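Hi,

Here is the model I promised to pass on. Have a look at it first, and my notes follow below.

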Amino acid sequence: MAVLEILPIGVVEELCLSYLRDRLGELFGEVVLSPPAEVPLKLNSRGQVLADHLLDSLSNYQCRADRVLAVINRDITVPGVDYIFGLAALGGRWAVISPVRLREAYYGRECDTGLFLERILKEALHELGHTLGMVHCTNEECNMKFSSTVEEIDRRSLLFCESCLGRVWSPRTEIAYATNGDGRRQIVRALLDRLRLWCR
Ligand SMILES: [Zn+2]
Ligand SMILES: [Zn+2]
């Protein structure tokens, strides 16, 4: 089984998907890019896709890897906030990211493909970090720092800090692993080892 599956939900631009496949492939080894899936979406009154509902629906999907990164070209959110860039279950198998608010054009600024791709990769790694049991970090440069704007995303690095890579096996994460039904420590260990090498 591959380590990571990238799963487009509906139509997602090819450049974004192939970039994620190539860059995450360098890091995680086997990455499969699946054909677009159609899943039932639940929208809020503002027409945004509810990402928590989407992650729930995806748990019925026959996945092809240990971790699945869904990519949806729709604005996403969860109840109680205006929008989110991505969502994942702590220690779980599933993560979802949305490229919508990562494009400069969304803010009426000139298109910047390089910046867009860097942001999407950062968001992908941040959400995958959550699936490996990492929680939000206070280090301004660490990729696990919570960001509510693209400017904040731009300030963080692609990399994870030592402390994040080290404190994955906290009691909180152990509980999350148990709840999310993903206790495969070996896989997580192997992925963390790769990340440590990469972040060095
Ligand atoms: Zn987060
Ligand atoms: Zn950190």
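In what sense do strand 6 and strand 7 pair, and over how many bridges? Strand 6 and strand 7 (residues 94–97) pair in the antiparallel sense over three bridges; L87 has V96 in strand 7 as its bridge partner. Strands here are DSSP runs of E of at least two residues, helices are runs of H or I of at least four, and both are numbered from the N terminus. Two strands count as paired if DSSP finds at least two bridges between them.

Before going on, a word on conventions. This is a predicted model, so local features need pLDDT of at least 70 and side-chain atom pairs count only at pLDDT 80 or more, while totals for chains, interfaces and linings use all residues. Residues are numbered from 1 along each chain as its sequence is written, and chains are lettered from A and ligands numbered from 1 in the order in which they are written.

Five strands form an open, mixed sheet in the order 2-1-4-7-6. Strand 2 (31–33) and strand 6 (86–88) stand at its edges with a single partner strand each, so one side of each has no neighbour in the sheet. From one strand to the next, the twist averages 15° (axes are lines fitted to C-alpha atoms, for helices over the stretch in contact, and angles run from 0 to 180 degrees between N-to-C directions).

Strand 1 runs parallel to strand 4, joined by seven bridges, and P8 has V71 in strand 4 as its bridge partner. Strand 1 also runs parallel to strand 2, through three bridges, with E5 opposite V32. Six of the eight residues of strand 1 are buried, so the rest of the structure largely encloses this strand. Buried means 20 or more other C-beta atoms within 10 Å of a residue's own, exposed 12 or fewer, and partly exposed in between, with C-beta atoms placed from the backbone.

D66, in strand 4, is buried too, with 20 other C-beta atoms within 10 Å. D66 touches M1, V3 and I187, leaving aside residues up to four places away in sequence; contact means C-beta atoms, placed from the backbone, within 7 Å.

Finally, helix 3 lies across strand 4, strand 6 and strand 7, at about 155° to strand 7.

Enjoy exploring it!

Notes. Contact = placed C-beta atoms within 7 Å.
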